[in-house]
Amino acid sequence: MYRLVFNQVLSRFDAEDAHHLTVRALRLLSVTPVVRRLVHRRLAPRDPILRVQAFGVHFPSPFGLAAGFDKDAGFVGAMSALGFGHVEVGTITAYAQPGNARPRLFRLIANRAIINRMGFNNAGASAVARTLSRPRGVPAIVGVNIGKTKVVPESEAVDDYVTSAKELAPLADYLVVNVSSPNTPGLRDLQAVRLLGPLLRAVKEVADGTPRRTPLLVKIAPDLTDEDVDAVADLALELGLDGIIATNTTISREGVSSTETGGLSGRPLKARSMEVLRRLRARVGDRLVLVSVGGVENVDDVWERLLAGATLVQGYSAMIYEGPLWAHRVNRALARRLRRHGATGVREIIGRTAS
Ligand SMILES: Cc1cc2nc3c(=O)[nH]c(=O)nc-3n(C[C@H](O)[C@H](O)[C@H](O)COP(=O)(O)O)c2cc1C
């Protein structure tokens, strides 16, 4: 059904207009608590075999929605009702900003990929904090992903992240420092350990100061060299971070013919995302929670990532092609596969094929 709607309707629209159409449909879910609760009852993960605990938070499924879809946290209830075990909102910056000029979102249908150069369009930390404070009506696990305001110079980046962290850490189940989006000039330079150390230290102080001590993760780019991946992993261990999210979109255009600038996501990112996960696991073992994202399309991908050592797995681009029942289908298939392998829970298979 969704494939028909996608082929006949959505694919004819500009990608961002199609996104707004989808979001309008989701708004129905968001403004109608009764519908949202009904959908939640039918589609949200409730099979105990899917439950997994990470950094002290109980997730109903290891499969969640990656950052960038729900930039302003307006759809946490709706996306949780549709089956995502967590929703990572953002990226949110200290100050509201419009993002880059349109067009800034492109579908590469033949490649099952997306290129975006959205540029952190978002309502700003205090507005999103207000949204997150409102009741959602259904249970939801919320990760909050923060980034640098575009107009703020690199020399003031730490203060900018700290401003967002102060507003949002108390409202988050976990907090993510995003230093890996290709669409904010200079942002990815913050991944250099020399700059990343002071940044993470400052944000961690805020996260540690919330009443529940908010877990802190860092999200990295797939374009880091293997040595840089190791360096970030070592830094995360040294600072006592809770985990690493790998990966963001890539600036590589390998395997696709589009030359649009921005970050590439979806199927072409799968191999490198897996590589980074394996590298991280080899480096940190189970001392950090690894969240794998990039090119996840189906239960086979989720399964492979769990076996390779990810505790949580996220997806975004494939949803554009698979539709609103995607998370529900992945969850059902994952529960079946766990049982087929004689497992009684997700935890039993995490890292089983890791070196
Ligand atoms: C349109 C779009 C916007 C995104 N915006 C963000 C963002 O604001 N912050 C972020 O950390 N990642 C963002 N991402 C990256 C995703 O969270 C994810 O890391 C990446 O797309 C790889 O996963 P996928 O292949 O399943 O899409 C965005 C991705 C897309 C497609």
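Two strands pair here if DSSP finds at least two bridges between them. Helices (H or I, at least four residues) and strands (E, at least two) are DSSP runs, numbered from the N terminus. This is a predicted model, in which local features need pLDDT of at least 70 and side-chain atom pairs count only at pLDDT 80 or more, while totals for chains, interfaces and linings use all residues. Residues are numbered from 1 along each chain as its sequence is written.

**Stop 1: strand 9 and its partners**

Start by selecting strand 9, residues 216-220, together with strand 10, residues 243-246. The two strands pair in the parallel sense over 4 bridges. Within this pairing, Val218 stands opposite Ile244 in strand 10.

Next, select strand 8, residues 174-178. Strand 8 also pairs with strand 9 in the parallel sense, over 4 bridges, and Asn178 stands opposite Lys219 in strand 9. Bring in helix 7 (residues 193-208) to see another right-handed β-α-β unit, formed by strand 8, helix 7 and strand 9.

Which way do the residues of strand 9 point? Leu216, Val218 and Ile220 point one way, and Leu217 and Lys219 the other way. In a regular strand the side chains alternate between the two faces of the sheet. Is strand 9 mostly covered or uncovered? It is mostly covered, as 5 of its 5 residues are buried. A residue counts as buried if 20 or more other C-beta atoms lie within 10 Å of its own, as exposed if 12 or fewer do, and as partly exposed in between, with C-beta atoms placed from the backbone.

**Stop 2: the ligand**

Now select the ligand and its surroundings. There are 27 residues around the ligand, and the closest are Ala66, Gly68, Thr91, Ser265 and Ser317. Strand 4 (87-92), strand 6 (113-116), strand 11 (263-266) and helix 11 (317-322) are the elements that give two or more residues to this shell. A residue belongs here if its C-beta atom, placed from the backbone, lies within 6 Å of the molecule.

Colour the shell by residue class and you will find 11 nonpolar, 15 polar and 1 charged. For this count, Ala, Val, Leu, Ile, Met, Phe, Trp, Tyr, Cys and Pro are nonpolar, Asp, Glu, Lys and Arg are charged, and the others, Gly among them, are polar.

Stay with strand 11 for a moment. Strand 6 is joined to strand 11 by 4 bridges, and the two run antiparallel; Ala113 stands opposite Gly266 in strand 11. Gly263 and Ser265 point one way from strand 11, Leu264 and Gly266 point the other way, and all are buried.

**Stop 3**

Click on Thr91, which is found in strand 4. The peptide bond from Gly90 to Thr91 is cis, with omega near 10°. The peptide bond from Ala246 to Thr247 is cis too, with omega near 10°; Thr247 is found in the loop between strand 10 and strand 11.

Then go to Phe55, in the loop between strand 1 (52-54) and strand 2 (57-59). Phe55 has a positive phi of about 35° although it is not a glycine. Arg112, in the loop between strand 5 (105-108) and strand 6, has a positive phi near 50°.

**Stop 4: helix 5**

Select helix 5, residues 125-133. Its buried residues are Ala125, Val128, Ala129 and Leu132. Why do they sit on the same side of helix 5? Because they cover an arc of only 105° around the axis, where the arc is that of the directions from the helix axis to the C-beta atoms. What covers these buried residues includes strand 4, strand 7 (142-146) and helix 6 (157-168).

Zoom in on Leu132. Leaving aside residues up to four places away in sequence, Leu132 touches Ala73, Val142 and Leu171; contact means that the C-beta atoms, placed from the backbone, lie within 7 Å. Leu132 counts as buried because 21 other C-beta atoms lie within 10 Å.

**Last stop: Arg352**

Finish in the segment after helix 12 (326-340), where Arg352 is found. Arg352 counts as exposed because it has 12 C-beta neighbours inside 10 Å. Select Ala308 as well: the C-alpha atoms of Arg352 and Ala308, 44 residues apart along the chain, are separated by 6.6 Å.

Conventions. Right-handed = clockwise from strand over helix to strand, strands pointing away. Contact = placed C-beta atoms within 7 Å.
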